[in-house]
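Please keep the sequence and the structure in view as you read.

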Amino acid sequence: MAQEIERKFLVTDTSYRDLAVKKHSIRQAYLSCRPEATVRVRIIDNKAFLTVKGSTCGCSRSEWEYPIPPADAIDMLSLADSNTVIISKTRYIVPAGTLKWEIDEFHGVHEGLTIAEIELTAEDEDFALPPFIGREVTGEPFYYNSNLSTLTND
């Protein structure tokens, strides 16, 4: 079992774009949004993954991720609950020493929302906050991707 330790922050400006070393197009849907176990299908550029995540405790949770054929992922997107939306976003990768920031610009229903995530090796690991980082939203359920998939502009 893999353990994901991640902190999330709102982003205050687009200066990260100039610092990015990679950029990816992402589409994802949730097959299960239960807090005890979310199941996500994700297409990143031309690769696809099925991911299962356990409950969040602080900034940690169990995570299992498996590559799957992109054609299967496209089919699985249609299995998402009719009350959810397919999340579309652009991800920018910004190096931070031995770590990296992943900055997601959301499109569609969540256009204008930008969230930065950093994966850590320990919950108490120190890291520098770049100038584009705003308020921390780690542990705020509204900003979980699984919850964003169930929200609309209604």
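What volume does the largest pocket have? The largest pocket has a volume of about 680 Å³. Closest to the centre of that pocket, out of the 36 residues that line it, are R42, R91, E102, E117 and E119. Here a pocket is an open set of points on a 1 Å grid over the protein atoms alone, where a 1.4 Å probe fits and protein lies on both sides within 12 Å along at least five of seven lines; lining residues have an atom within 4 Å of a point. Grid points are joined across faces, edges and corners, and the volume is the space filled by probe spheres set on the points.

Before going further, please note that this is a predicted model, in which local features need pLDDT of at least 70 and side-chain atom pairs count only at pLDDT 80 or more, while totals for chains, interfaces and linings use all residues. Residues are numbered from 1 along each chain as its sequence is written, and side-chain values use heavy atoms, with hydrogens and water left out.

Back to the pocket: its lining holds 18 charged, ten polar and eight nonpolar residues. In this grouping Asp, Glu, Lys and Arg are charged; Ala, Val, Leu, Ile, Met, Phe, Trp, Tyr, Cys and Pro are nonpolar; the others, Gly among them, are polar. The element that gives the most to the lining is strand β4 (residues 47-54), with five residues.

**The chain as a whole**

The protein chain has nine strands and three helices. Along the sequence they come in the pattern β-α-β-β-β-β-α-β-β-β-β-α. The radius of gyration is 15 Å, close to the 15 Å that the globule rule gives for 154 residues, so the chain is as compact as a globular protein of that length. That radius is taken over C-alpha atoms, and the rule is 2.2 Å times the number of residues to the power 0.38. Helices (H or I, at least four residues) and strands (E, at least two) are DSSP runs, numbered from the N terminus.

Taken along the principal axes, the C-alpha atoms fill a box of roughly 40 × 30 × 30 Å. Of the 154 residues, 45% count as buried; buried means under 20% relative accessible area, exposed over 50%, and partly exposed in between (1.4 Å probe, protein chains only). The chain exposes about 8300 Å², and carbon and sulfur atoms supply 53% of it. These areas come from the Shrake-Rupley method with a 1.4 Å probe, and for residues only the protein chains shown count as cover. Among contacts (heavy atoms within 4.5 Å) between residues at least 6 apart in sequence, 59% join residues at least 24 apart.

**A few residues up close**

| Pair | Apart in sequence | C-alpha separation |
|---|---|---|
| E6 and W101 | 95 residues | 10 Å |
| D81 and C33 | 48 residues | 9.4 Å |
| A73 and A29 | 44 residues | 9.5 Å |
| V39 and W64 | 25 residues | 9.7 Å |

Which residues does A73 touch, not counting those up to four places away in sequence? A73 touches V41, I43, A48 and I68. A73 sits in helix α2 and counts as buried, at 0% relative accessibility. E6, in strand β1 (residues 2-11), is buried with a relative accessible area of 9%.

V39 belongs to strand β3 and is partly exposed, with a relative accessible area of 21%. Leaving aside neighbours within four places in sequence, V39 is in contact with A29, Y30, L31, S32, L50, T51 and V52.

Two loop residues complete the tour. D45 lies between β3 (37-44) and β4, and at 41% relative accessibility D45 counts as partly exposed. The phi of D45 is near 55 degrees, a positive value in a residue other than glycine. D81 lies in the loop between α2 (70-77) and β6 (87-96), and D81 is partly exposed, with a relative accessible area of 41%.
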